[in-house]
Amino acid sequence: MLAKLFSRRPSHATVVAYLALFVALGGTTYAAATIGASDIKDNAVHTNHIKNGEVKNADLGSNSVGNGKLAPGSVTADKVKDETLSGGDIKNFSLGAADVAPNAIVGGHVIDDSLKGADVDESSLDLTPEALHLVVESDRFSDCTAFPGLFCFAGNPLSGVGTSWGNYGNGYAGAGYWKGRDGVVHLQGSIKATADNGDALNSIFYLPVGYRPVATHLFATRDNSEGDLEGAVEVKSTGEVRDGSSGKSVYISLDGIDFRP
């Protein structure tokens, strides 16, 4: 009886049922482990096949996302890495005033000679000329190198007796200096020596730092009130404004002396 029971073959239906059970239990695991990119037809996977949020940066190829794949306004400042954009990434004429931070553009960002009158708001310009710095007369300071803008004096600082330079007066402009908006330094005025200046007082006054030339300049000027002879004035890199005439000047005009520091 037992021999007959074990020698009996399973029916076709039983075999099919066992196969179905095997596939149901292990077939999906086999498929997940064996299906690769080469098994999938091109363009077979669509958006509805991918779970939301499952595509990461590592899944995207370089330069695979272009303008056509981005929704308008979807890329905002917080999505762009700092200092990654260059001029070539920005469309010409796409930036407006609202896109530029206040005071973000300085002189070094502007191409020389590229701005025209229409580009400049006149109300924003400070066109006030620099004030005139008058040279001051003194009879108490013998070392005028230490006091820029002061007429030089040679003598006794206690008594005030000595030789010095000063303004000519008589309605003529006093000695002074100023710097124009173009950076050019201008001198003006008519001056005179109050006594025999000699070699010791060829120095007239000293210009302060910022108004001094990088090298000595020699200027022809009116010299000596008697006869209106032509004299010379030197302006040195030390700031010294000096009587460069060969004789002893009584009168010198500083008008028309201009130079770049």
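## Disulfide

A search of the whole structure, which is a predicted model, finds one disulfide. The bond joins Cys 144 and Cys 152, whose sulfur atoms lie 2.0 Å apart, and the torsion about the S-S bond is about 80°, so the disulfide is right-handed.

Both cysteines fall under the 20% relative accessible area that defines a buried residue: Cys 144 is buried, with a relative accessible area of 7%, and Cys 152 is buried as well, with a value of 1%.

## Aromatic pairs

The structure holds five aromatic pairs. One of them is formed by Phe 151 and Phe 205, an edge-to-face pair with 6.4 Å from centre to centre and 85° between the planes. Phe 151 lies in the loop between strand 1 (133-134) and strand 2 (153-156), whereas Phe 205 belongs to strand 7 (residues 203-206), so the pair ties together parts that are 54 residues apart in sequence. Phe 151 and Phe 205 are both buried.

For the rings of Tyr 168 and Tyr 172, the centres are 5.4 Å apart and the planes stand at 80°; because planes over 60 degrees apart count as edge-to-face, this pair is given that description too. Tyr 172 has a relative accessibility of 48% and therefore counts as partly exposed, since the partly exposed class runs between the buried limit of 20% and the exposed limit of 50%.

## Ring cluster and a neighbouring charge

Phe 151 and Phe 205 also belong to a cluster in which ring pairs link Phe 151, Tyr 177, Phe 205 and Tyr 211. At Tyr 211, a member of this cluster, the ring has the charged end of Lys 179 sitting over it, 4.9 Å from the ring centre.

## Fold and surface

The protein has two helices and 12 strands.

Of the 261 residues of the protein, 22% count as buried, and Cys 144, Cys 152, Phe 151 and Phe 205 are among them. The protein exposes about 19,300 Å², of which carbon and sulfur atoms supply 55%. Among the contacts in the protein with a separation of 6 or more, 61% are accounted for by residues 24 or more positions apart; the pairing of Phe 151 with Phe 205, which ties together parts 54 residues apart in sequence, spans a separation of that kind.

Conventions:
Residues are numbered from 1 along each chain as its sequence is written. This is a predicted model: local features need pLDDT of at least 70, side-chain atom pairs count only at pLDDT 80 or more; totals for chains, interfaces and linings use all residues. Side-chain values use heavy atoms; hydrogens and water are left out. Helices (H or I, at least four residues) and strands (E, at least two) are DSSP runs, numbered from the N terminus. Buried means under 20% relative accessible area, exposed over 50%, partly exposed in between (1.4 Å probe, protein chains only). Contact means heavy atoms within 4.5 Å. Accessible areas come from the Shrake-Rupley method with a 1.4 Å probe; for residues, only the protein chains shown count as cover. A disulfide is a pair of cysteine sulfur atoms within 2.5 Å. Rings of Phe, Tyr and Trp (its six-membered ring) pair if their centres lie within 6.5 Å; planes under 30 degrees apart count as stacked, over 60 as edge-to-face and the rest as tilted. A charge sits over a ring if NZ of Lys or CZ of Arg is within 6 Å of the ring centre and within 35 degrees of the ring normal.
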